[in-house]
Protein chains: 2
Amino acid sequence: MPRQITAFSNPLVKRIRGLREKRHRREERMFLAEGLRILTEARETGHIPRYIFYAADSADHRLVRELVRVVEAKGGEAIETDRDILHKLSGKDNPQTVIGVYDEFDTALDRIDRTAASIWIVAQSMRDPGNLGTILRTGDAVGAGGLVLVDDCVDPFSVEAVRASMGALFTQRIAQARWPEFLQWLRSGPGELVGMSLDTDIDYQAPRYAAPTFLLVGNEAQGLPADYAAECDLLVKMPMLGKADSLNAAVATAVMAYEVLNQRRHIG
Amino acid sequence: MPRQITAFSNPLVKRIRGLREKRHRREERMFLAEGLRILTEARETGHIPRYIFYAADSADHRLVRELVRVVEAKGGEAIETDRDILHKLSGKDNPQTVIGVYDEFDTALDRIDRTAASIWIVAQSMRDPGNLGTILRTGDAVGAGGLVLVDDCVDPFSVEAVRASMGALFTQRIAQARWPEFLQWLRSGPGELVGMSLDTDIDYQAPRYAAPTFLLVGNEAQGLPADYAAECDLLVKMPMLGKADSLNAAVATAVMAYEVLNQRRHIG
């Protein structure tokens with residue numbers, strides 16, 4: 001049976017609310033995801049929250065009832081609450097009616113099976129949670145296997161990154177590694193490392209990319225360090241006709257990922 | 001001669017700080033842009049700020065001196081200040097050393113010369129300033145002429161949108177219009193209106209796009225209204241292999257814009 005919580009001072013509310021801070025996520029190894037659609041998609045990929053909070057006035061919604069059922073069947077806890085508490089948990093003025101609290105995934109690199117997909121995305125020192133989430137979403141769309149976060153990236157389990165991923169966090173594999181560790185893993189199997197760079201004359205549409213393709217995008221402000229670029233099998237750039245000579249990192253990744261996908265598909 | 005301001009209570013500081021709110025921008029018809037690189041690029045496209053604030057410790061920088069010179073030559077005012085004031089003006093913890101205050105541009109639709117470029121981007125009810133700025137940046141990269149904001153979009157002169165545009169706000173034409181007004185203007189001259197939609201079977205790589213191409217992207221959550229889609233010359237979609245069946249609006253716009261550009265260029 002769901003329990004009811006409507007007090008701000010409830011210890012569980014305080015604890016879950018704390019998950020908006022990285023420090024608490026590290027301690028608890030849990031993170032928040034919001035919204036009925038995303039929680040339902042997460043469930044379809046086998047991710048069941050440990051806690052689910054839902055607004056009392058949505059308790060009769062079929063999908064909410066279904067989520068509550070599976071959470072409880074898996075030993076988790078369902079909590080019926082109100083909009084004020086949901087606002088407090090999510091930090092949003094118009095919170096979703098459902099919030100799930102999930103165990104963090106294992107992000108060890110050696111858990112990745114590179115043969116499972118022909119595109120993988122690798123982000124180096126990516127700092128913006130919106131970019132990270134957007135790249136996960138793009139990865140889902142192009143059929144990528146997942147995202148490897150190299151060096152000091154923003155936390156993929158932050159509320160902002162999860163929100164921007166629109167559920168793709170649950171469909172994409174996520175790994176975290178330092179650069180030497182990533183390189184060693186990469187070179188232990190098949191894979192072409194393609195870096196996006198401004199310091200090359202090779203147009204991104206010129207090469208035929210070999211699978212699995214690892215698309216490497218650098219930090220938003222600095223781009224790829226020169227010694228990282230030197231390790232790539234190929235450096236490519238997109239044409240830029242304007243004055244700024246730069247693209248948003250998530251945009252560049254998407255344009256590149258669609259090129260790789262387009263080379264491998266039949267246009268219907 | 002630059003004047004010096006280091007008091008938070010200074011009326012000009014208060015007034016400029018107010019430009020972070022839309023209400024005050026509407027009254028003053030001015031907006032903020034930050035950073036030496038962006039202000040310098042703005043200048044190269046003929047945009048001189050009415051006020052320029054800079055940190056005293058960057059007063060000797062060649063580009064800062066040059067900006068101060070042109071601002072004063074055009075009758076504007078240069079203000080030497082400190083990091084605390086710059087923080088207060090920008091709202092950022094690590095503010096840029098230079099902030100410019102510009103007159104808002106005229107965003108009347110009839111100021112646009114559609115023959116000046118072969119790609120134009122049209123956003124309908126776009127709500128996220130980061131998406132809007134990112135699309136401006138993409139527009140700059142693909143050589144688009146500008147961005148038409150249809151219906152109730154986020155303010156392109158908001159600090160967040162200007163920041164995300166990374167200076168592209170100054171290189172792209174910006175217009176604002178309601179849908180009927182836009183349609184009437186569009187149909188008064190050449191132009192193919194291409195809508196991005198999930199409700200079509202036409203792959204985005206199948207058609208040959210006619211110039212000038214107007215790429216229409218709908219609201220982040222709702223997509224294009226059906227009656228807007230019905231007015232398009234063509235509806236196309238990107239392949240999406242994943243579970244989410246959606247892309248970030250700025251990402252979809254970029255993938256589409258690069259396809260149009262790619263059809264018209266020689267790959268080097």
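The model is predicted.

In chain A, an open sheet is built from six strands, ordered β8-β7-β6-β10-β9-β11, with parallel pairing. Its edges are β8 (173-177) and β11 (234-236) of chain A, each of which pairs on one side only. On average, and with direction ignored, neighbouring strands of this sheet are turned by 25° against each other. Strands of a sheet pair through backbone hydrogen bonds, in either the parallel or the antiparallel sense.

Helix α6 (residues 129-142) of chain A lies across β6 (119-124), β7 (146-150), β8 and β10 (213-217) of chain A, and runs at about 145° to β7(A). Helix α10 (residues 249-263) of chain A lies across β6, β9, β10 and β11 of chain A, at about 160° to β10(A).

Chain B also has an open sheet of six strands, in the order β8-β7-β6-β10-β9-β11 and with parallel pairing. Here the edge strands are β8 (173-177) and β11 (234-236) of chain B, each pairing on one side only. Neighbouring strands are turned by 25° against each other on average, direction ignored. Strand β9 (residues 192-196) of chain B pairs with β11(B) in the parallel sense over three bridges, and B:Gly195 has B:Leu235 as its bridge partner in β11(B). Across β6 (119-124), β7 (146-150), β8 and β10 (213-217) of chain B lies α6(B), running at about 145° to β7(B). Helix α8 (residues 179-186) of chain B also packs on the sheet, where α8 touches β6, β7, β8, β9 and β10 of chain B; the direction of α8 makes about 140° with that of β9(B).

One residue of α6 in chain B is B:Pro129. Leaving aside residues up to four places away in sequence, B:Pro129 touches B:Val154, B:Ser158, B:Glu160, B:Ala161 and B:Ala164. B:Ala164 is 35 residues from B:Pro129 along the chain, and their C-alpha atoms are separated by 7.5 Å.

The contact between the chains takes 36 residues from chain B and 36 residues from chain A. The area buried between them is about 3,200 Å², with carbon and sulfur atoms giving 56%. Of the area that chain B buries against chain A, 18% is supplied by B:Arg137, B:Lys243 and B:Tyr258, more than by any other three residues. Two salt bridges are found across this interface. B:Asp203 and A:Arg265 meet through their side chains in a salt bridge, at 2.5 Å from N to O. On the side of chain B that touches chain A, the elements giving two or more residues are α3 (36-44), α6 (129-142) and α10 (249-263) of chain B. Of these, α10(B) gives the most, with seven residues. The residues of that side divide into 17 nonpolar, 11 polar and eight charged.

Over all chains, the count of salt bridges comes to 36. Among them is the pair of A:Glu28 and A:Arg15, whose closest N and O atoms are 2.8 Å apart. This pair links A:Glu28 in helix α2 (residues 22-28) of chain A with A:Arg15 in helix α1 (residues 11-17) of chain A, 13 residues apart.

Definitions and conventions: Residues are numbered from 1 along each chain as its sequence is written. Chains are lettered from A and ligands numbered from 1 in the order in which they are written. This is a predicted model: local features need pLDDT of at least 70, side-chain atom pairs count only at pLDDT 80 or more; totals for chains, interfaces and linings use all residues. Side-chain values use heavy atoms; hydrogens and water are left out. Two strands pair if DSSP finds at least two bridges between them. Helices (H or I, at least four residues) and strands (E, at least two) are DSSP runs, numbered from the N terminus. Axes are lines fitted to C-alpha atoms, for helices over the stretch in contact, and angles run from 0 to 180 degrees between N-to-C directions. Contact means heavy atoms within 4.5 Å. Buried area is the accessible area (1.4 Å probe) that two parts lose on being put together, summed over both. A salt bridge is a side-chain nitrogen of Lys or Arg within 4 Å of a carboxyl oxygen of Asp or Glu. Ala, Val, Leu, Ile, Met, Phe, Trp, Tyr, Cys and Pro count as nonpolar, Asp, Glu, Lys and Arg as charged, and the others, Gly among them, as polar.
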